[in-house]
Amino acid sequence: MTTSGVRVRIAPSPTGEPHVGTAYIALFNYLFAKKFGGEFILRIEDTDATRSTAEFEQKVLDALKWTGLTWSEGPDVGGPYGPYRQSERKDLYRPFVDKMLDNGGAFHCFCTPERLESMREAQRAAGKPPGYDGHCLHLKAEEVTSRVAAGEPHVVRLKVPTEGSCDFHDGVYGDVSIPWESVDMQVLLKADGMPTYHMANVVDDHMMKITHVARGEEWLASVPKHILIYKHLGLEPPVFMHLSLMRNHDKSKLSKRKNPTSISYYSALGYLPEALMNFLGLFFIQIAEGEELLTMEELIEKFDPDNLSKAGAIFDIQKLDWLNGRWLREKLTPEEFVARVLDWAQENDRLVEGLKLAQSRVTKLGELPPLAGFLLANDVGLTPASFGGLKTSPAETLEIVTTVQADLEKILEWNVTTIEEELRAISDRMGKKLRVVTPPLFVAVSGSQRSLPLFDSMALLGRSVVRQRLKVAIQVLTAMAGAQN
């Protein structure tokens, strides 16, 4: 594998809580850059304007900084190939799209959303995978020109060969062959003039002189599209490396529906960033038993991209717990341990703001731990008895918590105001008074029916912790409701 002048990047989308999978891919790129004396770059891929937010971008930056990774170029530090946000690069893509239109590598498509949906329905009914049918592929140049001039809405699509296959070499999977018939005529430029991920990704990697693209294996099927774009633009593709996805023990994809996946969740529960990076780094190196406890410098030393496993990276929470415990006990002095505890307790102002909320609710300081301790707890110890004193039945309580958990995912910015607004809206949709909806949530997030103000508590705990506590509450309530039937 060629490794001269290495430039690699991590390119997350700011559309949700930063995932541990992002840290996993980022760490590989970071180790690769450090191993070969290259540059590690951060780029924000925010072409999805409806879901990308400044809050989520900040969370991405904060989460990656928490892991201890540093980048030499990015939206916060600048660099010679900026801007490093795709939304600020919009005018850079059009010339590349025009070049592909001129040389026949792309074409204008005027199909309406209604026609496309009808086409997909027919394909599904026939048992075929959905994909563009080439309806606008052979329009005459004069017709295209007149329709564009008339302002008719349109997109630009990639022209794909109809026969043969795309053959390429992957740094992990080796030689790969994907038939062209399985590759869709991807939209490259949307009707609003913004590029799709595929077009922007290729152009940005070229303009930022990226030499190696290391990403999750779910992007392997997109390589033919990217290779085609490079070919039509007369550009040399980078070296591709597709890493095995992180999975649960049952080999299912690691997702927030099953397990906590947000970096912020592990930070909030008191995992050390060094331990998390140590845990993730073990997927990329070969070691003997007993050598698991490794610093970043040791991970870099042992890193070998030519000897990677294609087996799934199993996210074993028990192994992470074991490593984190060893880091706490073996790698920190007592003074460092105390300092880490104080820093962790004050993360996101949990301790200070929690104490302020508790002031009007205590008669002596000794009442603080049971009242506000849930803000720092890993688990609030929910049992059927926790919900025993509520006026709602287990079935109704379950309905409330289940509905709230799903609807809270719709909140873009997580704060006291948005949480209160959403919970009031949920109450209205359920046809219930807010005072009926909130008590089950008090119990779910705090473990107690006497606690701090709910909206403030949820804001301090953070989205990822609240999500997990509601999930645990649903498990307890499901068992309760089932026992009653």
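**A covered helix and its surroundings**

Guide: The buried residues of α7 are Val223, Pro224, Lys225, His226, Leu228, Ile229, Tyr230 and His232. Buried means under 20% relative accessible area, exposed means over 50%, and partly exposed lies in between (1.4 Å probe, protein chains only). Helices (H or I, at least four residues) and strands (E, at least two) are DSSP runs, numbered from the N terminus. This is a predicted model, in which local features need pLDDT of at least 70 and side-chain atom pairs count only at pLDDT 80 or more, while totals for chains, interfaces and linings use all residues. Residues are numbered from 1 along each chain as its sequence is written, and side-chain values use heavy atoms, with hydrogens and water left out.

Helix α7 spans residues 223-232 and is mostly covered, with eight of its 10 residues buried. Gly234 follows α7 and has a positive phi, near 70°.

Asn201 lies in α6. Asn201 is buried, with a relative accessible area of 1%. Leaving out residues up to four places away in sequence, Asn201 touches Arg9, Arg43, Glu45, Gln86, Arg215 and His226. Contact here means heavy atoms within 4.5 Å.

Now step back along the chain. Helix α6 covers 197-207, and Thr196 sits in the loop between β7 and α6. Thr196 is buried too, at a relative accessible area of 10%. Beyond its neighbours within four places in sequence, Thr196 contacts Gln186, Val187, Leu188 and Lys190.

Strand β7 brings us to a sheet. Three strands form an open sheet in the order β3-β4-β7, paired antiparallel. The edges are β3 (106-109) and β7 (187-189); each has a single partner strand, so one side of each is left without a neighbour in the sheet. On average, neighbouring strands of this sheet are turned by 45° against each other, direction ignored. That angle compares axes, which are lines fitted to C-alpha atoms (for helices over the stretch in contact), and angles run from 0 to 180 degrees between N-to-C directions.

Take β3 and β4 (residues 155-158). They run antiparallel and are joined by four bridges. Two strands pair if DSSP finds at least two bridges between them. Phe107 stands opposite Arg157 in β4, and Ala106 has Leu158 of β4 as its bridge partner. In a regular strand the side chains alternate between the two faces of the sheet. In β3, Ala106 and His108 point one way, Phe107 and Cys109 the other, and all are buried.

Rings come next. The charged end of Arg147 sits over the ring of Phe110, 4.3 Å from its centre. Lys331 has its charged end over the ring of Trp327, 5.5 Å from the centre. The rule asks for NZ of Lys or CZ of Arg within 6 Å of the ring centre and within 35 degrees of the ring normal.

Finally, the whole chain. The protein chain holds 19 helices and 11 strands. Its radius of gyration is 26 Å, close to the 23 Å that the globule rule gives for 485 residues, so the chain is as compact as a globular protein of that length. That radius is taken over C-alpha atoms, and the globule rule is 2.2 Å times the number of residues to the power 0.38. The C-alpha atoms fill a box of roughly 80 × 55 × 40 Å along the principal axes. Buried residues make up 51% of the 485 residues.
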